[in-house]
Amino acid sequence: MTEPLNPDQLRSLTPLNALSEQQWRELRSQLVPQPLLAGQALFRRGDQARLTYYLLAGELQLRDADGAEQRLVAGSEASCHPLSPSLPRLQEALALTEVSVLAIDSATLARLITWRSAYQDLLLQLDPDGDQEWLEHLLENPLFAKVPPANVQEMVKRLQRIELPAGSEVLREGEAGDCCYFLQSGRAEVIRGAGSDHQVLAELEVGACFGEEALLSDRPRNATVTLIEDGVVLRLDRQDFFALLKAPVVDEVSLGEASRLLAAGAQWLDVRLQDEYERAHAPEALNMPLHLLRLKARLLDREKAYLCYCDSGKRSASAVFLLSQLGFKAYALRDGLDALPAIQRDALLCEDGAGYLARSGGRTERSR
């Protein structure tokens, strides 16, 4: 069996059954059952691998240091809990039949469970008696997994509620940005251009954040957002956005830290314009200009970490914020290329001309 398990297949596993749909999507690459032959050991006593194991099919024998044995059958109540969770392991696990097991990174699972607990607590504190649907959608936004609960509480206190009819322009392309918004109810379209040349970039749903790109890049709005049905938006002022959201969400790394992430499988993502990219870019860097990122992010590989860069660091900060909203793991090169010493910048930007493009399914192809 090589396909990831779906949420319905996980509902009996504790504490996986406490996670949200979005969190299960984050774990998707780890939710692939692994086979074990009869007689093979899953782990030995003293094992310290930081993995959480579940028995999905077959039978296992657990034996402790005193020789006490426990027979574990898939589907039993005991099999719905992690196997020998203490580290170092107090038992060894031996397959009695052909078995199927699930192995999940314990640190990732602990982070998700911790956030989920904080999420439930926030719902009770922020809106104990009201309609929580918008707040649930807001907190389901992947970027809030990086925001401390105290920041979320303070942010909600500072949001200004605005009711608007269908057709209202919440923000307009070309205007200066002094705030961002969250959509509390209704639907909205993100549009670039005007008249026959306009392009619909996205349709926003309840809980979506928009208008943040102008704050992060310190440039005029790059799109118009219009309500396509009556709705309510929540306004967050610029200074509150930076204090409460930008700092925890936008992870910045040095060139040295970026090198270590690259060695672990991360990918450079050049968010400058194509002309800038073709003059010089990092080795095997994908080119995805910031203004196209919302449209093209679906081509990226959700299992990869992306290292975003631009000249000043502002466009890459916008890119990281947007990718975080979409559930990607992303980092910005701190202060951009301009902050690097000339020798490091020249060494990094060692390729020119056409480069690399993302294709469907997360594939990377050399452009012509």
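In this predicted model, Arg 11 has a relative accessibility of 44%, so this residue counts as partly exposed. Arg 11 sits in the segment before α1. Leaving aside residues up to four places away in sequence, Arg 11 touches Asn 17, Glu 21 and Trp 24. Leu 36 is 25 residues from Arg 11 along the chain, and the two C-alpha atoms are separated by 23 Å. Pro 15 also lies in the segment before α1. The peptide bond that leads from Thr 14 to Pro 15 is cis, and its omega is near 5 degrees.

The protein chain has 368 residues, and 46% of them are buried. The chain contains 11 helices and 22 strands. Along the principal axes, its C-alpha atoms fill a box of roughly 75 × 55 × 35 Å. Among contacts with a separation of 6 or more, 73% join residues 24 or more positions apart.

Three domains are assigned to the protein chain. Domain 1 covers residues 7-108, domain 2 covers 149-245 and domain 3 covers 252-366. Between the C-alpha centres of domain 1 and domain 2 the distance is 44 Å.

The unreviewed UniProt entry lists "domain: Cyclic nucleotide-binding" at residues 15-113 and 143-245. In the model, residues 15-113 are 15% helix and 36% strand. The end C-alpha atoms of that span lie 8 Å apart. Residues 143-245 are 23% helix and 38% strand, with end C-alpha atoms 9 Å apart. The feature "domain: Rhodanese" is placed by UniProt, again in an unreviewed entry, at residues 262-345. This span is 37% helix and 19% strand. Its end C-alpha atoms are separated by 17 Å.

The loop between β5 (69-73) and β6 (91-95) holds Pro 88. A cis peptide bond links Leu 87 to Pro 88, with omega about -5 degrees. Ser 84 belongs to the loop between β5 and β6 as well. Ser 84 is not a glycine, yet its phi is positive, at about 40 degrees. With a relative accessible area of 9%, Ser 84 is buried. A positive phi, about 65 degrees, also occurs at Asp 335, which is not a glycine. Asp 335 is found in the loop between β20 and α11 (342-348). Asp 335 is partly exposed, at a relative accessible area of 47%.

Helix α4 spans residues 149-158, and its buried residues include Asn 151, Val 152, Met 155 and Val 156. These four lie on the same side of α4, because they cover an arc of only 135 degrees around the axis. The face turned away from that buried side carries Ala 150 and Lys 157, both exposed. Several elements cover the buried residues of α4. Among them are the helices α2 (106-126), α3 (133-140) and α6 (238-249), together with the strands β10 (179-185) and β15 (231-237).

Strand β15 contains Arg 235. The relative accessibility of Arg 235 is 17%, so this residue counts as buried. Arg 235 is 147 residues from Pro 88 in sequence, and the C-alpha atoms of the pair are 49 Å apart.

Two cavities of 30 Å³ or more occur in the structure. Two or more lining residues come from each of β11 (188-192), β12 (199-204), α5 (212-217) and α9 (290-296).

The largest pocket contains about 1,600 Å³ of space. It is lined by 49 residues. Gln 22, Pro 142, Leu 326, Gly 327 and Phe 328 lie nearest the centre of this pocket. At least two lining residues each are supplied by α1 (21-27), α2, α3, β12, α9, α10 (314-325) and β20 (329-333). Helix α2 gives the most to the pocket lining, with five residues.

Terms used:
Residues numbered from 1 in each chain as written. Predicted model: local features only at pLDDT ≥ 70, side-chain atom pairs only at ≥ 80, totals over all residues. Heavy atoms only, no water. Domains from an automatic or database assignment. UniProt positions renumbered as here; feature names shortened; annotations may be inferred. Buried < 20%, exposed > 50% of the residue type's maximum accessible area, 1.4 Å probe, protein only. Arc of directions from axis to C-beta. Contact = heavy atoms within 4.5 Å. 1 Å grid on protein atoms, 1.4 Å probe; cavity = no way out; pocket = protein on both sides within 12 Å on 5 of 7 lines; lining within 4 Å. Points joined across faces, edges and corners; volume = space filled by probe spheres on them.
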